[in-house]
Amino acid sequence: AKEGGSRPSDFPALSLEALNQVLFVRHGYRRPDRHHNNNPNNSLLPKVLEQGYGSPLLLGVIYMEVARRMGLVLDATPLSEGAGSDYFILWPQSHFRACGIDLVVDAYD
């Protein structure tokens, strides 16, 4: 961003909405349908980037990396524990709110 100009971190809710539009609407990233749910390709980054669907872990990693490149640093919090658990939510490292509501991202849903 230009000096004195705004950065994505200045408007995190709008920036996350723009990120959602690019990843999920324009590029069509999504969870696999039930016929492809257990496909090992869902856990391979090059395949997920190519096919547009994958595991919650990889979709979250892609989301976090694109957000980081935009200047928004997200943390990941697992929703379940144990071996094989790869479902988690993302939230901004620097706490922010939109309209009085804490923002949380579920890159898989």
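Contact here means heavy atoms within 4.5 Å. Residues are numbered from 1 along each chain as its sequence is written, and side-chain values use heavy atoms, with hydrogens and water left out. This is a predicted model, in which local features need pLDDT of at least 70 and side-chain atom pairs count only at pLDDT 80 or more, while totals for chains, interfaces and linings use all residues.

Ser15 belongs to helix 1. Helices (H or I, at least four residues) and strands (E, at least two) are DSSP runs, numbered from the N terminus. Is Ser15 buried or exposed? Its relative accessibility is 9%, so Ser15 counts as buried. The cut-offs are under 20% relative accessible area for buried, over 50% for exposed, and partly exposed in between, with a 1.4 Å probe and protein chains only.

**The whole chain**

Now zoom out. The protein chain has three helices and four strands, and their order along the sequence is α-α-α-β-β-β-β. Of the 109 residues in the protein chain, 28% are buried. Take the contacts between residues at least 6 apart in sequence: 42% of them join residues at least 24 apart.

**Helix 1 against helix 3**

Select residues 12-26 for helix 1 and residues 56-70 for helix 3. How do their axes cross? They come within 11 Å and cross at roughly 130°. Axes are lines fitted to C-alpha atoms, for helices over the stretch in contact, and angles run from 0 to 180 degrees between N-to-C directions. Because of that angle, helix 1 is oblique to helix 3. Angles under 35 degrees count as roughly parallel, over 145 as roughly antiparallel, 65 to 115 as roughly perpendicular, and the rest as oblique.

Next, show the side chains that make the contact. On helix 1 they are Ser15, Leu16, Leu19, Asn20, Leu23 and Phe24, and on helix 3 they are Ile62, Tyr63, Val66, Ala67 and Met70. Sorted by class, this contact has nine nonpolar, two polar and no charged residues. Ala, Val, Leu, Ile, Met, Phe, Trp, Tyr, Cys and Pro count as nonpolar, Asp, Glu, Lys and Arg as charged, and the others, Gly among them, as polar.

**The nonpolar core**

Select Leu16, Leu19, Leu23, Tyr63 and Leu90: these have the most contacts inside the largest nonpolar core, which has 15 residues. Such a core is a set of buried Ala, Val, Leu, Ile, Met, Phe, Trp, Tyr and Cys residues joined through side-chain atoms within 4.5 Å. Helix 1, helix 3 and strand 2 (88-92) each give two or more residues to this core. Which element gives the most? Helix 3 does, with five residues.

Stay on helix 3 and select Pro56. Pro56 is buried, at 12% relative accessible area.

**The loop between helix 1 and helix 2**

Two stops remain, starting with Asp33 in the loop between helix 1 and helix 2. Asp33 is partly exposed, with a relative accessible area of 41%.

Asn41 is in the loop between helix 1 and helix 2 (45-51), and is partly exposed at 24% relative accessible area. Apart from residues up to four places away in sequence, Asn41 touches Lys47, Val48 and Gln51. Finally, select Ser55, which is 14 residues from Asn41 in sequence and 9.0 Å away, C-alpha to C-alpha.
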